[in-house]
Amino acid sequence: MRAPISIVIPTLNAERALARSLPALYRGVQEGLVHELIVVDGGSSDGTVTLARAAGAVLVEAAPSRGGQLRAGCEAARADWILALHADSIPDEGWTDAVAAHLARRGAACFRLRFDADGPLARMTAGWANLRSRWLGLPFGDQGLLMRREQYRRAGGYRDQPLMEDIAMVRALPGRVRLLPCHVTTSAEKYRRQGWLRRGARNLWLQLRYAAGARPETLARAYRPK
């Protein structure tokens, strides 16, 4: 019987992050849960592609756009379930048990969030993300998204847009996204560099603008100013 899950990871110069996440993800391969690991690279200039090939991942090349990369990877997926995951989000031990137990529910799910940082601001930011996911059923991409491939296709797939592709995908899925009893630990590098309060406030402002109808291309220019 074929393993039920394809993991799709968009990358762009993600060698260091991928080196940390791949060992945790390959636990799913060893336990017969993961059929394939698909790395969708957007033109990395570091060792991302070499690392992915050496690890036995399926390599897909696409233009550098997280939404477009996720769409390309999901279209290449062959298993019945898809787990879309950022390269710097590492599932904790026990993630395979939590995911395997969820498959009987058939709906979409996400992980609880934790940052690789200590301190009250890191805990508060992660705590808000987990509360938002529980109350509103609105996880973001760094929490991963587990969904049936058929469900993904009926929802129209990831949109090829430079920002908010995760929110658009979750909104298109039927039903509420469930919160798994397991964490992913994700990088806090951008929060450390920009400041927890400053980045958190900017993220919230961008989310509100998107909800009000702002175009993702406009928001991307504000998110990644030149």
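Helix 7 is largely enclosed by the rest of the structure, because 6 of its 8 residues are buried. Buried here denotes under 20% relative accessible area, exposed over 50%, and partly exposed the range in between, with a 1.4 Å probe and protein chains only. Helices (H or I, at least four residues) and strands (E, at least two) are DSSP runs numbered from the N terminus. The model is predicted, so that local features need pLDDT of at least 70 and side-chain atom pairs count only at pLDDT 80 or more, while totals for chains, interfaces and linings use all residues. Residues are numbered from 1 along each chain as its sequence is written, and side-chain values use heavy atoms, with hydrogens and water left out.

**Helix 7 and its surroundings**

The buried residues of helix 7 are Glu165, Asp166, Ile167, Ala168, Met169 and Val170. They pack against helix 3, strand 7 (145-148), helix 6 (149-154) and helix 9, where contact means heavy atoms within 4.5 Å.

**Helix pairs**

The table sets out two packed helix pairs. Axes are lines fitted to C-alpha atoms, for helices over the stretch in contact, and angles between N-to-C directions run from 0 to 180 degrees.

| Helix pair | Angle | Axis separation |
|---|---|---|
| Helix 7 (residues 165-172) and helix 9 (residues 196-211) | about 50 degrees | 11 Å |
| Helix 9 and helix 10 (residues 216-223) | about 170 degrees | 10 Å |

With an angle of about 50 degrees, helix 7 is therefore oblique to helix 9. With an angle of about 170 degrees, helix 9 is therefore roughly antiparallel to helix 10. In these terms, angles under 35 degrees count as roughly parallel, over 145 as roughly antiparallel, 65 to 115 as roughly perpendicular, and the rest as oblique.

The crossing of helix 7 and helix 9 is right-handed, and that of helix 9 and helix 10 is also right-handed. A crossing is called right-handed if the near helix is turned clockwise from the far one by less than a right angle, and left-handed if anticlockwise.

From helix 7, Ile167, Ala168 and Arg171 meet Gln207, Tyr210 and Ala211 of helix 9. This contact comprises 4 nonpolar, 1 polar and 1 charged residues. The classes take Ala, Val, Leu, Ile, Met, Phe, Trp, Tyr, Cys and Pro as nonpolar, Asp, Glu, Lys and Arg as charged, and the others, Gly among them, as polar. On the helix 10 side, Pro216, Thr218, Leu219, Ala222 and Tyr223 meet Arg199, Arg202, Asn203, Leu206, Arg209 and Tyr210 of helix 9. The residues of that contact divide into 6 nonpolar, 2 polar and 3 charged.

Leu208 also belongs to helix 9; its relative accessible area is 48%, so it is partly exposed.

**Nonpolar cores**

A nonpolar core is a set of buried Ala, Val, Leu, Ile, Met, Phe, Trp, Tyr and Cys residues joined through side-chain atoms within 4.5 Å. The largest has 37 residues, of which Ile5, Ile7, Leu37, Trp95, Val99 and Phe111 touch the most other members. At least two residues of this core come from each of strand 1 (5-11), helix 1 (15-30), strand 2 (34-41), strand 4 (81-84), helix 4 (95-102), strand 6 (109-115), helix 5 (120-136) and strand 8 (178-186). Helix 1 provides the largest share, 5 residues.

Beyond its neighbours within four places in sequence, Ile5 is in contact with Leu33, Val34, His35, Glu36, Ala79, Trp81, Leu83, Val99, Leu103 and Leu146. A second, separate core holds 33 residues, including Leu70, Ala84, Ala108 and Leu173.

Leu70 is located in helix 3 (residues 66-76) and is buried at 3% relative accessibility. The C-alpha atoms of Leu70 and Asp41, 29 residues apart along the chain, are separated by 9.8 Å.

**Individual residues**

Thr11, in strand 1, is buried at 2% relative accessibility. Apart from neighbours within four places in sequence, Thr11 is in contact with Leu18, Val39, Val40, Asp41, Gly42, Ser44, Thr48, Gln69 and Ala87.

Most residues other than glycine have a negative phi. Asn13, although not a glycine, has a positive phi of about 50 degrees. Asn13 lies in the loop between strand 1 and helix 1 and is partly exposed at 42% relative accessibility. Arg106 likewise has a positive phi, near 75 degrees. Arg106 lies in the loop between helix 4 and strand 6 and is partly exposed, with a relative accessible area of 46%.
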